[in-house]
Amino acid sequence: MAIDTLMAFVGVYDSVADAEACVAAVRAETPGTGGRLGVGMRRDVGTVRTGGTPDYVDALNEVVIAIMVEKKSCVDDLDRILSVPGIDMVQFGASDFSMSIGKTGQYGHPDVLAAETKTIQTALKKGLHPRIELRDPSQAGRYLEMGVKHFCIGWDVRILADWWDTKGAEMRKLLRTKPKKAAAKLAPAVVRAKGKTNGKGNGRAAVRGNYV
């Protein structure tokens, strides 16, 4: 059972030992894998009722392992950390990294951008796949130029927040606009035919459901 698109984001890495422990936590505990994961009902690998079978082991060992580079200590020792066997994909975490260097939330700071560039370039050099999270595809240009091919466009909370911001602004605009008075509706009038009577000599026109 090949599951080559399932991804596991494991841990925040400060050291080589952390990276090794987290890779082992994803792989099956069976000879030759170095894994520590035993039998379980794993919906994520599609083996809810077949835990412990060869398919279960194969599924765990084929999961794509992506690590988050989020600490200064990790960036400082990045070459060795990304040499740990079993790592497939790398993602830089600007929020945690900026916090770890005392520049919280300054995602465009030169030190943060330099660490991100180093992460991408080191991953590519080692044959790993850098992954980037974007709010909008218009932000992809610089990453495409560096050779990045894997992107996450938006995430649930942000997508919902953007929708609420947009629709909320539209609703507020409507509430601030003075409503126009609705035109009075006329009751349906009966159109009486001219020159015709109902045959009883009372001069009333014959009415057959003619309305305006």
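Start at helix α3, residues 72–76: K72 and D76 both sit in it, four residues apart, about one turn of the helix. Helices here are DSSP runs of H or I, at least four residues, and strands are runs of E, at least two, numbered from the N terminus. The two side chains meet in a salt bridge, 2.9 Å from N to O. The criterion: a side-chain nitrogen of Lys or Arg within 4 Å of a carboxyl oxygen of Asp or Glu.

Quick housekeeping. This is a predicted model, so local features need pLDDT of at least 70 and side-chain atom pairs pLDDT 80 or more, while totals for chains, interfaces and linings use all residues. Residues are numbered from 1 along each chain as its sequence is written, and side-chain values use heavy atoms, with hydrogens and water left out.

Back to the pair. D76 is exposed, at 51% relative accessible area. K72 is partly exposed, at 42%. The cut-offs: buried is under 20%, exposed is over 50%, partly exposed is in between, with a 1.4 Å probe and protein chains only.

How many salt bridges does the structure hold? There are 11. Next one: R135 and D162, 2.5 Å, N to O. R135 lies in the loop between β4 and α7 (141–146) and D162 in helix α8, so the pair ties together parts 27 residues apart in sequence. D162 also bridges to R158, with the closest N and O atoms 3.7 Å apart. D162 and R158 are both in helix α8, four residues apart. Accessibility is 24% for D162 and 27% for R158. Elsewhere, D79, K125 and K126 are linked in a salt-bridge network.

Now the inside. The largest cavity has a volume of about 30 Å³. A cavity is a set of points on a 1 Å grid, over the protein atoms alone, where a 1.4 Å probe fits but cannot get out; lining residues have an atom within 4 Å of a point. Its lining is V90, Q91, F92, T119, I120, P130, R131 and I132. Strand β3 (89–92), helix α6 (110–125) and strand β4 (129–134) each give two or more of those residues.

Last, the surface. L160, W163 and W164 form a nonpolar patch with about 380 Å² of accessible area together. Patch members have over 30% relative accessible area and no salt bridge, with nonpolar side chains joined within 5 Å and like charges within 9 Å. W164 lies in helix α8, residues 156–176, and counts as exposed at 53%.

How values were computed: Accessible areas come from the Shrake-Rupley method with a 1.4 Å probe; for residues, only the protein chains shown count as cover. On a 1 Å grid over the protein atoms alone, a cavity is a set of points where a 1.4 Å probe fits but cannot get out, and a pocket is an open set with protein on both sides within 12 Å along at least five of seven lines; lining residues have an atom within 4 Å of a point. Grid points are joined across faces, edges and corners, and a volume is the space filled by probe spheres set on the points.
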